[in-house]
Amino acid sequence: MRVRELGWSISYTSRGRKTIDIKIILESGASGSFASPAGASTGRLEAPFYPSGGLEEALKVLKDLSKALVGQDFSSQREFDIFLSEYDGTGNYSRIGSAVSLGCSMAFAEAAAREMGVPIFHWLSNGTASSYPMPLGNVLGGGKHARGRSIDIQEVLVFPLNAPSYREGYEALIMVHRRVGELLAERDRGFTGGKNDEGAWTTSLSDDEAIQLVVDAADQVSSETGIKIGVGLDVAASSLYDVELSSYYYSRRNRYLDRDSQIDYIVDLVERFGLAYVEDPVEENDFYGFSKITSLCGDKALIVGDDIFVTNVSRIKLGLEKGSANGIIIKPNQVGDLTKTLEAVREAGLGGMRIVVSHRSGETMYPHLAHVAVSSGAALFKCGVVGGERIVKHIEMMRIVEEYGGLRPSYLGL
Ligand code: PGA
Ligand code: ZN
């Protein structure tokens, strides 16, 4: 597949920040486009979004990359991504930035899939994808996604445990989201109907009251629909962590928790609220704290690493050695291309971790992430509940499931 043209224009994430919309046209005329999303609670080891000179430098890079890329012939996604990685030359895309690298990688995947006449997930998995995930979405949010004006925990999430299909599971999550809004109107005198960057409600309740409210909403929807709903958290603990004090700061309560108290607090939350999912319960370098929580709660809940693994194979290997987690967040722009993303998925999957493919808080309108989730054999697709930039990905997942048939639902067995 020979590249005929690389094009780009400035675009915007759902937070209104600039990103780059990238288009690749192949000699056959087949084309693909993608604009990378950007996170707020980014792990320190993530590939940077832009090179050190920012957007301007990224645009210069694209001009130069276009000269190198046009006319090149690639027979696989891997060949294309290796070309990108070698062109960057730093090992983590810090010279060209993930907005450029992932934009190109995804755009090429779409163009190649079109040329082959197959869906993107098929191209990425060489036709081996056999299952689809269930949706996972936050309904109540805080932390950096709410500018410190809501709960300290970044996300309270829900997911269906026994939904017969993706669509029915997703509709149950919409019901929980709506019910949470209704319960907040009853229980939170400061509630103004405000939502955060990912469309989750914000609240003036305490963290514990907020979790209880979501558990109540989930229970109500479960008994109305017969679909069991799991409740979970993304603590995003690195955002709460004060390195100098080696403690976690909870601003709502004006309290510091040291490492052991943080672990006790998380284990207590899992037990008290029957949580089925906890992401980033401790800061991104505390493999030991992760392992402790996994050994205490891993039989009843998915303990998931995001900032600790940053979709990076060597971090995943460390985590597997130490038994740090039984689940992993996969975010393609943390590593900057699809081949590295799928290598991380493979490493984690072989080690027995469940795969959770995830959106970013600053998303774009492209649906491609649903294909990454299916080609990864993900158990969960973490993609918010409402908001156009999230819904477009859920709809793509339904389209994949309903149009291409033959894929079975993946249940966590909790
Ligand atoms: P981010 O947050 O996209 O802002 O990094 C999402 C997450 O922490 O999972
Ligand atoms: Zn996270």
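**Exercise 1.** How many residues surround ligand 1, and which are the closest? Then find its polar contacts and its place between domains.

*Solution.* The model is predicted.
Step 1: Count the shell. Ligand 1 is surrounded by 13 residues. The closest are Ala40, Ser41, His145, Arg360 and Ser361.
Step 2: Sort the shell by class. One residue is nonpolar, five are polar and seven are charged.
Step 3: Look for polar side-chain atoms beside oxygen atoms of ligand 1. His145 has one at 2.8 Å. Asp234 has one at 3.1 Å. For Arg360, an N or O atom of the side chain is 2.8 Å from a ligand oxygen.
Step 4: Check the cover. Alone, ligand 1 exposes 280 Å², and the protein buries 100% of that.
Step 5: Domain 1 (3-117) and domain 2 (131-409) both give residues to the shell, so ligand 1 lies between them.

**Exercise 2.** Which helix gives the largest share of the lining of the largest pocket?

*Solution.* 
Step 1: Take the pocket. Its volume is about 540 Å³, and 25 residues line it.
Step 2: List the helices that supply at least two lining residues each: H2 (77-88), H4 (120-125), H11 (338-350) and H12 (369-375).
Step 3: Pick the top one. H11 gives the largest share, seven residues.

**Exercise 3.** What volume does the second largest pocket have, and which residues lie closest to its centre?

*Solution.* 
Step 1: The second largest pocket holds about 250 Å³ of space.
Step 2: It is lined by 16 residues, and Arg15, Ala38, Gly39, Thr42 and Phe49 are closest to its centre.
Step 3: The lining divides into four nonpolar, seven polar and five charged residues.

Conventions
Residues numbered from 1 in each chain as written. Chains lettered and ligands numbered in written order. Predicted model: local features only at pLDDT ≥ 70, side-chain atom pairs only at ≥ 80, totals over all residues. Heavy atoms only, no water. Near = heavy atom within 4 Å. Polar contact = N/O pair within 3.5 Å; in protein donor to acceptor, adjacent residues only side chain to side chain. Areas by Shrake-Rupley, 256 points an atom, 1.4 Å probe, with all protein chains shown as cover. Nonpolar A, V, L, I, M, F, W, Y, C, P; charged D, E, K, R; others polar. Domains from an automatic or database assignment. 1 Å grid on protein atoms, 1.4 Å probe; cavity = no way out; pocket = protein on both sides within 12 Å on 5 of 7 lines; lining within 4 Å. Points joined across faces, edges and corners; volume = space filled by probe spheres on them. Helix = DSSP H or I, 4+ residues; strand = E, 2+ residues; numbered from the N terminus.
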